[in-house]
Amino acid sequence: MRPEKGGMLEFLQLLDAKATKLTSYHGNKSPQGHPGEGQGQRQEAEGQRTSDDDAVTEMETIIQNLQEKKKQLKQKLCTGPKQVFGSLENKKLRRFKVKTEADRACVRRATDYIKQRKAEELKKAYSFAGISMARVSESCVSVTWGTFYSGQYRESYQAHINVSDSLKIDQHTLPTFLPLEELSSAHLNSDLKRFLWAVGDHLNAYVSRREQLEQAKTANPDLLRGEVEASAGFDLLKLTLTAQRQQFNTTLVYKGGLNTRPTTVEIQDDDQAAEETTGRIKEAFLTKSLPEALTDIATYLNSSL
């Protein structure tokens, strides 16, 4: 049985020792019975020798297989990533002296192993945030960003990143209003992690603004009348609030593309409403989600006008 402690090599060495001992024991046994043995004793001894022969043959086969595995294991241990890159300091690659094709193949295997491990770790790190990656080819990786609102999945966007030399976006389904060129120039080749997060943040902010407007229309049909003008990224909204025959033409600006609440609120009304009223409307938009703000504004206007 395999010992509880010790590695695979120790286990194989132990089996080697047992096989040698068993073979030696079998070879030293006399094949002839003693002169005084009876017929039954001779048959019993013959049967024991046959059993021993079978056991030794089986053990020799097992040992041969294990010795081959031992040889392969030693080869892997001597040429694995840990041995190849074990002398690296501060995780920085140094120049290797490759003398033979075997050395070159060894370095190549170790490099591929490290790249694969890094890719797997990166995939796990971002999967919880709705970012997933898959290799399309040797030079292309597909990245998918999932978007969510109120804990519910909405839609996904993809981009193919060329990794053959410097990283670059080959093709994508990202919205045209997303500042992709700006984000790529700033982060894609210097900080891939930051680039992936930034794209995801922009996408989820866009989805949040869009979904908030849809909820607001449904929840406040009496206050929010007429068509709402919205930019492609829903970072500029023009809407008309109507209460007690008074209208407030409102413009909401979401600066920067990452905000889910307006950064600027402009209000125009026909009857020059009190400054307190416009102030309450602005405060609601700036501090609450769009559906919540419109509900609070409707309550306030219906009770004060």
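Predicted model: local features only at pLDDT ≥ 70, side-chain atom pairs only at ≥ 80, totals over all residues.

Biologist: What makes α5 and α6 roughly parallel or roughly antiparallel?

Modeller: The axes of helix α5 (residues 180-188) and α6 cross at roughly 155° and come within 8 Å. Axes are lines fitted to C-alpha atoms, for helices over the stretch in contact, and angles run from 0 to 180 degrees between N-to-C directions. Under 35 degrees counts as roughly parallel, over 145 as roughly antiparallel, 65 to 115 as roughly perpendicular, and the rest as oblique. The pair is therefore roughly antiparallel.

Biologist: Which residues of α5 and α6 meet?

Modeller: Contact means heavy atoms within 4.5 Å. On the α5 side the residues are Leu180, Leu183, Ser184, His187 and Leu188, and they meet Leu192, Arg194, Phe195, Ala198, Val199 and His202 of α6.

Biologist: How do you know that Leu188 is buried or exposed?

Modeller: Buried means under 20% relative accessible area, exposed over 50%, and partly exposed in between, with a 1.4 Å probe and protein chains only. Leu188 is at 3%, so it counts as buried. Apart from neighbours within four places in sequence, Leu188 is in contact with Ile161, Leu167, Lys168, Ile169, Leu183 and Phe195.

Biologist: Where is Asn220, and what does Asn220 touch?

Modeller: Asn220 is in the loop between α6 and β5 (224-230). Not counting residues up to four places away in sequence, Asn220 touches Pro291, Leu294, Thr295 and Ala298. Its relative accessibility is 6%, so Asn220 counts as buried.

Biologist: What makes a helix or a strand here, and how many are there?

Modeller: Both are DSSP runs numbered from the N terminus: helices are H or I with at least four residues, and strands are E with at least two. The protein chain has eight helices and eight strands.

Biologist: Why is the pairing of Arg154 and Glu211 called a salt bridge?

Modeller: A salt bridge is a side-chain nitrogen of Lys or Arg within 4 Å of a carboxyl oxygen of Asp or Glu. For Arg154 and Glu211 the N to O distance is 3.5 Å, which meets the rule. The partners are 57 residues apart, with Arg154 in strand β3 (residues 152-162) and Glu211 in helix α6 (residues 192-219). Arg154 is partly exposed at 29%, whereas Glu211 is buried at 15%.

Biologist: Which other salt bridges are there, and how many in total?

Modeller: The rule gives five salt bridges. Among them, Glu211 and Arg210 meet at 3.0 Å, and Arg210 is buried at 16%. Another joins Lys288 and Asp296 at 3.4 Å; Lys288 is partly exposed at 29%, and Asp296 is partly exposed at 35%. Through shared partners, salt bridges join Arg154, Glu155, Arg210 and Glu211 into one network.

Biologist: What makes Phe148 and Tyr153 an aromatic pair, and of which kind?

Modeller: Rings of Phe, Tyr and Trp (its six-membered ring) pair if their centres lie within 6.5 Å; planes under 30 degrees apart count as stacked, over 60 as edge-to-face and the rest as tilted. Three aromatic pairs pass this rule. In one of them, Phe148 and Tyr153 are 5.8 Å apart centre to centre with 70° between the planes, and the pair is edge-to-face. Phe148 is partly exposed at 38%, and Tyr153 is partly exposed at 47%. Phe177, Tyr206 and Phe234 form one aromatic cluster.

Methods:
Residues numbered from 1 in each chain as written. Heavy atoms only, no water.
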